[in-house]
Amino acid sequence: MRKSTSKFKSGMAMIMAIAVIVIISTIMALSIALSSQTTKRTTDVYIYEQAVLYAKSAAEYALLRISLDNNETDPCVVKKLDFKQDYYDINISVRYSYTSYPDTTKCPLTSRFAPVTTDEQNGSVLLDIAVSVNDTNITTEPIKYFRRTIQKL
């Protein structure tokens, strides 16, 4: 009778050891999977935040270009700006708002966004900024950020 009890104890010890190994391996596999997801998510958040900053900088750059190219005889010189910064594609479309247009051929209706009636509203610009990353070496999914802002000229 003693031999059967010791065989039972050693059999239970073997089952317990296998159960502990299965539990530990499951926890290890879960931690590795979560670690890789965290790295991907951190990279995506970093690239998205950089896209937000590029969009703000692009708005300032567009206003600078408008102020450099703008004059009284041709108020709608800048209509679209497209450029690439590292792996970011930045597209800016510009639409103007004036009370009086010196020449409708130079500033057509398609480049204006709203009728303006007062002098306080005169000289505004609507900027649509799109920043996108489509590089599959950087991110696993495309990242896009859109910003629309109205600025006074």
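1. Valine 125 is buried, because its relative accessible area is 0%. Buried means under 20% relative accessible area, exposed means over 50%, and partly exposed lies in between (1.4 Å probe, protein chains only). Valine 125 sits in strand 3, residues 124–133. Isoleucine 66 is 59 residues from valine 125 in sequence, yet the two C-alpha atoms are 9.4 Å apart in space.

2. A word on the basis. The model is predicted, so to speak of local features takes pLDDT of at least 70 and side-chain atom pairs count only at pLDDT 80 or more, while totals for chains, interfaces and linings use all residues. Residues are numbered from 1 along each chain as its sequence is written, and side-chain values use heavy atoms, with hydrogens and water left out.

3. Now the overall layout. The protein has one helix and four strands. Helices (H or I, at least four residues) and strands (E, at least two) are DSSP runs, numbered from the N terminus. Along the sequence the order is α-β-β-β-β. The protein has 153 residues, and 25% of them are buried. Contact means heavy atoms within 4.5 Å. Take the contacts between residues at least 6 apart in sequence: 62% of these join residues at least 24 apart.

4. Next, the core. A nonpolar core is a set of buried Ala, Val, Leu, Ile, Met, Phe, Trp, Tyr and Cys residues joined through side-chain atoms within 4.5 Å. The largest one holds 25 residues, and Ile92, Leu127 and Ile129 touch the most other members. Helix 1, strand 2, strand 3 and strand 4 each give two or more residues to this core. Helix 1 gives the most, with nine residues. In soluble globular proteins, nonpolar side chains tend to be buried together.

5. Leucine 127 deserves a look. Leaving aside neighbours within four places in sequence, its contacts include Ala59, Ala62, Leu63 and Ile66. Ile92, Val94 and Thr149 are also among them.

6. What about the surface? The protein exposes about 10600 Å², and carbon and sulfur atoms supply 61% of it. Accessible areas come from the Shrake-Rupley method with a 1.4 Å probe; for residues, only the protein chains shown count as cover. Met14, Ile18 and Val22 form a nonpolar surface patch with about 290 Å² of accessible area together. Patches are made of residues with over 30% relative accessible area and no salt bridge: like charges are joined within 9 Å, nonpolar side chains (Val, Leu, Ile, Met, Phe, Trp, Tyr) within 5 Å. Valine 22 lies in helix 1, residues 2–69. Valine 22 counts as partly exposed because its relative accessible area is 46%.

7. The whole structure has four aromatic pairs. Rings of Phe, Tyr and Trp (its six-membered ring) pair if their centres lie within 6.5 Å; planes under 30 degrees apart count as stacked, over 60 as edge-to-face and the rest as tilted. Tyrosine 48 and tyrosine 145 have ring centres 5.7 Å apart and planes at 85 degrees, so this pair is edge-to-face. The pair links distant parts of the chain: tyrosine 48 is in helix 1 and tyrosine 145 is in strand 4 (residues 143–152), 97 residues apart. Tyrosine 48 is partly exposed at 34% relative accessible area, whereas tyrosine 145 is buried at 16%.

8. Tyrosine 54 and tyrosine 88 make a tilted pair, 4.8 Å centre to centre with 55 degrees between the planes. Tyrosine 54 is in helix 1 and tyrosine 88 is in strand 2 (residues 88–97), 34 residues apart. Tyrosine 88 is buried, at 1% relative accessibility. Tyr54, Tyr87 and Tyr88 form one aromatic cluster.

9. Last, the charges. A salt bridge is a side-chain nitrogen of Lys or Arg within 4 Å of a carboxyl oxygen of Asp or Glu. The count is four. Aspartate 128 and arginine 148 form one of them, at 2.5 Å, N to O. This pair joins strand 3 to strand 4, 20 residues apart. Arginine 148 is exposed, at 59% relative accessible area. Salt bridges with shared partners join Lys40, Asp44 and Glu141 into one network.

10. Which lysine pairs with aspartate 44? Lysine 40 does, with the closest N and O atoms 2.8 Å apart. Both lie in helix 1, four residues apart, about one turn of the helix. Aspartate 44 is buried at 11%, whereas lysine 40 is partly exposed at 33%.
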